[in-house]
Amino acid sequence: MIFWLAPGFEDGIIWHITCNWVVNMMRTLSRALAQSPLLSRGRRLVEQNSKNWDSALSKYDKLFAGVYLILEDYSRGLFPPRFEDQAKAYAAEVDYRSHIPGLNETIVRRTELSKPFWVGRAVEKYLTQFIHLMKLLERLNIAPPARLLELGCGTGWMAEFLATAGFDVTGTSIAPADIEDAGARLRGIAAKGLAVQLRFQIAPMESIAEAMGGRNDYDAVFVFEALHHAFNWRQTITSSFKCLRPGGWLLICNEPNLLHTFVSYRVAKLSNTHEIGFSRGELTSHLRQVGFPSVKYLSAPLHFWIKPHWIAAQKSR
Ligand SMILES: C[S@@+](CC[C@H](N)C(=O)[O-])C[C@H]1O[C@@H](n2cnc3c(N)ncnc32)[C@H](O)[C@@H]1O
């Protein structure tokens with residue numbers, strides 16, 4: 001028998017059976033907890049939220065709803081999410097606007113186009129982050145009219161602001177609706193009579209180099225709160241590297257840390273989008289592997305897997 005020819009084979013089988021047993025136990029326990037009265041509030045909130053995206057949830061409500069969903073889906077083998085089908089992931093991002101429960105596309109479009117001018121807290125958050133990006137560009141000596149390429153630009157608020165500040169900006173997104181609406185920003189600028197260098201293009205970030213026709217003279221490629229939506233973030237980094245001139249920078253801006261996979265699971269499920277968190281280690285290791293010799297961390301050193309990443313990686317000169 002082959003068992004006798006392969007030393008340690010029985011150990012392997014015993015280990016495999018033990019692991020399966022532990023996982024099954026954990027799944028049963030998760031299911032029991034999810035269905036228990038302890039989490040009935042979470043269950044109710046998820047039901048309510050899946051009909052209405054805008055239902056008012058406090059911090060605790062979100063916690064209850066998130067814990068319920070994670071336990072329930074873990075018990076069914078759905079959590080942590082696995083993303084295996086690129087076409088499906090792309091279609092979900094493209095159709096995102098029509099998947100938000102209780103909101104129609106006109107409302108979503110209006111919201112996206114008025115970004116970042118939402119409620120006070122959001123305005124403060126986004127403008128602070130925009131200032132952070134401007135200061136980062138200054139610190140790296142990337143000054144107007146430097147050529148910037150944005151990945152996952154949404155309807156292009158950052159691209160518009162940067163172009164207004166004098167940069168030569170190309171904003172890209174996988175979603176045709178984003179690019180169509182970004183056109184309204186272009187018309188707004190034209191109506192003001194401003195001469196700016198700004199354009200938008202549909203492009204999946206995983207193959208950004210091909211989408212840009214092999215152009216490799218960008219001073220910086222940046223991605224703000226969108227890399228975690230990529231179907232394949234490693235391919236995105238590899239492809240971005242090819243778009244940069246020697247000495248150019250890849251800026252990873254406010255991309256979520258590991259905890260995000262848990263915290264945003266409810267939102268990802270509701271909107272049918274791809275939401276994951278990154279570890280600093282995995283980002284760094286891929287950046288180095290692709291060929292960025294210099295990687296700078298711009299967020300707190302003690303990030304405890306919670307604080308978002310701000311990373312600047314420079315291509316060799
Ligand atoms: C959370 S939004 C952030 C948008 C923008 N950075 C902002 O601050 O408004 C994520 C964006 O990434 C885009 N996206 C998702 N997956 C993508 C992909 N694989 N390639 C390119 N864009 C993608 C979405 O269509 C959306 O525009």
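Trainee: How many salt bridges does the structure hold?

Mentor: This is a predicted model, where local features need pLDDT of at least 70, side-chain atom pairs count only at pLDDT 80 or more, and totals for chains, interfaces and linings use all residues. Residues are numbered from 1 along each chain as its sequence is written, and side-chain values use heavy atoms, with hydrogens and water left out. A salt bridge is a side-chain nitrogen of Lys or Arg within 4 Å of a carboxyl oxygen of Asp or Glu. By that rule, the number of salt bridges in the structure is 16.

Trainee: Which residue forms a salt bridge with lysine 125?

Mentor: Lysine 125 lies in helix 7 (residues 120–139), and its partner is in the loop between strand 4 (218–224) and helix 11 (233–243), so the pair ties together parts that are 100 residues apart in sequence. Helices (H or I, at least four residues) and strands (E, at least two) are DSSP runs, numbered from the N terminus. The closest N and O atoms are 3.5 Å apart, and the partner is glutamate 225.

Trainee: What is the phi of glutamate 225?

Mentor: Glutamate 225 sits in the loop between strand 4 and helix 11. It is not a glycine, yet its phi is positive, at about 50°.

Trainee: Where is asparagine 254, which has a positive phi?

Mentor: Asparagine 254 is not a glycine either, and its phi is about 55°. Its place is in strand 5 (residues 244–255).

Trainee: Which domains does the assignment give?

Mentor: Domain bounds come from an automatic or database domain assignment. The protein chain has domain 1 (2–79) and domain 2 (105–314).

Trainee: What area do domain 1 and domain 2 bury between them?

Mentor: Contact means heavy atoms within 4.5 Å; 11 residues of domain 1 touch 8 residues of domain 2 in this way. Buried area is the accessible area (1.4 Å probe) that two parts lose on being put together, summed over both. Carbon and sulfur atoms carry 73% of it, and the total is about 910 Å².

Trainee: Which residues of domain 1 lose the most area to domain 2?

Mentor: Three residues together make up 48% of what that side buries. They are Trp53, Leu69 and Phe79.

Trainee: Which residues form the salt bridge between domain 1 and domain 2?

Mentor: The count between the two domains is 1 salt bridge. Its closest N and O atoms are 2.7 Å apart, and the pair is aspartate 73 and lysine 269.

Trainee: Which helix gives the most to the side of domain 1 that touches domain 2?

Mentor: The helix gives 5 residues to that side. It spans residues 59–75 and is helix 4.

Trainee: Which polar side-chain atom lies 2.6 Å from an oxygen atom of the ligand?

Mentor: A residue is near a molecule if one of its heavy atoms lies within 4 Å of it. Of the 20 residues around the ligand, Lys115, Gly152, Asp178, Met205 and Phe224 come nearest. A polar side-chain atom of glutamate 206 lies 3.0 Å from a nitrogen atom of the ligand. The atom 2.6 Å from a ligand oxygen belongs to aspartate 178.

Trainee: Which residue does a cis peptide bond join to lysine 115?

Mentor: The omega of this bond is about 10°.

Conventions: A polar contact is a pair of N or O atoms within 3.5 Å; within protein, one must be able to donate a hydrogen and the other to accept it, and residues adjacent in sequence count only if both atoms are side-chain atoms.
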